[in-house]
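Please open the structure in the viewer and keep the selection panel at hand.

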Amino acid sequence: MTGLPTFAMPGGFLGADGDTGGGITIAGIPFDIATTNRPGARFGPEAIRRASKMLVDGDHPTLRRSVALGLNDTGDFAIALGDVPASLALIEQQASQFEHLVTLGGDHSIALPLLRALHKRLGRPLGLVHFDAHVDTWPDSFGQVYGHGSCFYHAINEGIVDPKRMIQIGIRSPVQTDVLDWTLQQGVTILSAQDVHERGVEAVATQIRQVVGEQPSYLTFDIDALDPAFAPGTGTPEIGGLATWQAQAILRRLSGVNFAGMDMVEVAPAYDHAEVTALAAATLVYEYLALVQREV
Ligand SMILES: [Mn+2]
């Protein structure tokens, strides 16, 4: 093995540099003022990038080539400090410049402007594969309209996401019955964490494929879909969640899904231990990259 040891590599995700043009672009979004509980996800991008370096000392074990090849890391998006609506507008504007964007959050509110930008680019409603402990379809969070628990309420109402092609995986938090009922009435498929445990990863992957179909889809991954034992570093942890291996095994079974982008959100390093949350987030992004590169 030659070259720099992993810990000495450049600071981009998987050691990727700035824009080499085309392909897939990584961007960080250090934004967490739309959180409802513990803040801190503004430090997520930095922690995920640092943890990702350990993944580049060999080829992907099933893709059998380097996931870092041809990857760009454009750095962090600008945000408007202290201003949620202005930040969401800025995020949408910056996201619209990239063909295939993978973002490192940041809290989940960033998914709305990212989906808005992608919807404009593709000109049709998207399918959504949504890993989370929370449905994130609250009309507001304690009065905050664009809080991190409302991103998919807006995405559905704005016609950006087709709720009949939307599936949530890992859901288990307390939720008002009217919010849950509204979500189901839109046609969203909800798989609880218990469903995943009881049915197994193969059945879950099959159902994801059936729901999103062949049209373009987006992957949004709230790290709190994982159990706090595997991902303590997040703002709103809920017990009974997915094991890291389950999330990885489900993702690896989604080859062929027409993914047009991804975000990894809610990694809050201040509550992490031994970087396990950051490493889980980095590795799941790595699995997504391997998945979409398989289609090239
Ligand atoms: Mn969540």
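The lining of the largest pocket comprises five nonpolar, nine polar and six charged residues. Here Ala, Val, Leu, Ile, Met, Phe, Trp, Tyr, Cys and Pro count as nonpolar, Asp, Glu, Lys and Arg as charged, and the others, Gly among them, as polar. The model is predicted: local features need pLDDT of at least 70 and side-chain atom pairs pLDDT 80 or more, while totals for chains, interfaces and linings use all residues. Residues are numbered from 1 along each chain as its sequence is written, and side-chain values use heavy atoms, leaving out hydrogens and water.

Next, select the manganese ion. Its protein donors (N, O and S atoms within 2.8 Å of the metal, or 3.2 Å for Na, K and Ca; water is not among the atoms, so sites may look incomplete) are Asp132 (OD), His134 (ND1), Asp222 (OD), Asp224 (OD) and Asp224 (OD), lying 2.1 to 2.7 Å from the ion. Along the sequence, the donor residues follow the spacing D-x1-H-x87-D-x1-D.

Asp222 is buried (under 20% relative accessible area; exposed is over 50%, partly exposed in between; 1.4 Å probe, protein chains only), because its relative accessibility is 2%. Asp224 is also buried, at 0%.

Finally, select Thr35. This residue is buried, with a relative accessible area of 15%. A polar atom of the Thr35 side chain lies 2.9 Å from the backbone oxygen of Asp32. Beyond residues up to four places away in sequence, Thr35 touches (heavy atoms within 4.5 Å) Asp107, Gln144, His148 and Glu266.

Definitions and conventions: A polar contact is a pair of N or O atoms within 3.5 Å; within protein, one must be able to donate a hydrogen and the other to accept it, and residues adjacent in sequence count only if both atoms are side-chain atoms.
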